[in-house]
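Thanks for coming, everyone. Please have a look at the sequence and the structure first, and then I will walk you through a few places in the chain.

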Amino acid sequence: MISRAFMSDMLRGIVKSFPILGSVRRYLNSYTSLNSVIVYFRRADLRNLPTLKNISPLYVKEMSVSEEPQIKAWFNIINQSFSTSWGKEDYIRNIINHKIYNILHTYFLMDGEKYIGVVSEAVFKKNKQVGVTHYLGLNMDYLGRGLGKYLILYALHKMKEHGLKSCEGESSLDHKKSLFIHFDYGFCPKTKLDYWNTAKHSPVLMRAIINYMFSRLYKKWKRTKACYNTGFSETPLDDVRVD
Ligand SMILES: CC(C)(COP(=O)(O)OP(=O)(O)OC[C@H]1O[C@@H](n2cnc3c(N)ncnc32)[C@H](O)[C@@H]1OP(=O)(O)O)[C@@H](O)C(=O)NCCC(=O)NCCS
C-alpha cells in the first residue's frame, strides 16, 4: 500500500523536476485571492482638499507611539476593523518598523476618553516626498456616519501641512469602502508602479487582471457618481462592483 507521505514526497519531486509546475501552482494560489492583491492609487497633488467638517464633540488626538494603553487601543481598533487578532508585535511591525513606509504620525478619533478610530500618516521610505495613508480603522459602533471619511481627509490635511505634495494609497479590492472614499477625494488607480511602492511578487498576468479589475471599479464608480449626485451612501456597496 502506498503511504500518504510517499505520495506527497513523490508529488513534491515532480513539482521540483518541472519548475513550470511550481509557477502554475503559485499563480493559481494567488488567483484564488485576487481581492487581497495590492492595488495602488494616487492623488497627484494635495492642493484643493475639501475643508474638514466639524465633528464636535468628537475630536482627534495624536497617538503617543510608546504609551501602552494607546498601543492597546490601536490594535483593538485594528482587530475589530480587519477581523484580526493582532498584538503588540504586529503594532511594532506595522507602525514602528514598517518595511516600506515611515509612519510619521498616527491619529486617534476620540469620543470623550474612548478611542474609536485610527489612521496613520506616512511617507515612503524610498521617496519621502510622497505621502501614504496607512491603517484606517473605525470602531463598529461608529460606522456609516462619515467618520472614516473624515479620518482620511484629516490625514491628507496633515500631510499637506507637513509639506508633502502628493499622496498614494496601497490597499486591496477587499476594502472597497476605503477605495471609494479615496476616489471621492480625487485618488485614481495607479497601474504603473514606482520604485518606492510595495512590490509584492505577483505574476504578470495576475497584475494585469488586477489592474483591469481596479480600473473597471474606478470607471464604474465614476459613472455611478455622475448618476447619484446625492451621495453614495444611498447606493448599496454591492451595486458598485466588478462583474
Ligand atoms: C473604511 C472605514 C474606516 C470607513 O468608515 P465608515 O464609517 O464605514 O465610512 P464613512 O461613513 O466614513 O464613509 C462614507 C463614504 O464611503 C464611500 N461609500 C460608501 N458607500 C459607498 C458606495 N456604495 N459606493 C461608493 N462609495 C461609497 C463614500 O465616499 C461615502 O461618502 P459620502 O456618503 O459622502 O458619499 C470602515 O468601514 C472600516 O473600518 N472598515 C474596515 C477596515 C478597512 O477597510 N480599512 C481600510 C483599509 S485600506
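Predicted model: local features only at pLDDT ≥ 70, side-chain atom pairs only at ≥ 80, totals over all residues.

As background, most peptide bonds are trans, and most residues other than glycine have a negative phi. The loop between strand 1 and strand 2 also holds Asn 48, a residue other than glycine whose phi is positive, near 55°. Is Asn 48 buried or exposed? Asn 48 is exposed, because there are 7 other C-beta atoms within 10 Å, where the cut-off for exposed is 12 or fewer.

A second case is Ser 83, in the loop between helix 3 (68–82) and helix 4 (88–96), which is not a glycine and yet has a positive phi of about 50°. Ser 83 counts as exposed, because it has 7 C-beta neighbours inside 10 Å.

Let me step back to the overall layout. The protein has seven helices and seven strands, and along the sequence they follow the pattern α-α-β-β-α-α-β-β-β-α-β-α-β-α.

Within that pattern, I would like you to find strand 4, residues 114–124, and strand 5, residues 127–138, which run antiparallel and are joined by seven bridges. The two strands form a hairpin with two residues between them, and Phe 124 has Asn 127 in strand 5 as its bridge partner. Strand 5 also pairs with strand 6, residues 166–172, this time in the parallel sense and over three bridges, with Val 132 standing opposite Glu 168 of strand 6. Together with helix 5, residues 147–161, strand 5 and strand 6 make a right-handed β-α-β unit.

Leaving aside residues up to four places away in sequence, Val 119 touches several partners, including Tyr 107, Thr 133, Leu 151 and Ile 152. In general, nonpolar side chains in soluble globular proteins tend to be buried together.

Finally, in helix 6, residues 176–184, the buried residues are Leu 179, Phe 180, Ile 181, His 182 and Phe 183, and just after helix 6 comes Gly 186, with a positive phi of about 90°.

Terms used: Residues numbered from 1 in each chain as written. Pairing = 2+ DSSP bridges. Helix = DSSP H or I, 4+ residues; strand = E, 2+ residues; numbered from the N terminus. Right-handed = clockwise from strand over helix to strand, strands pointing away. Contact = placed C-beta atoms within 7 Å. Buried ≥ 20, exposed ≤ 12 C-beta atoms within 10 Å, placed from the backbone.
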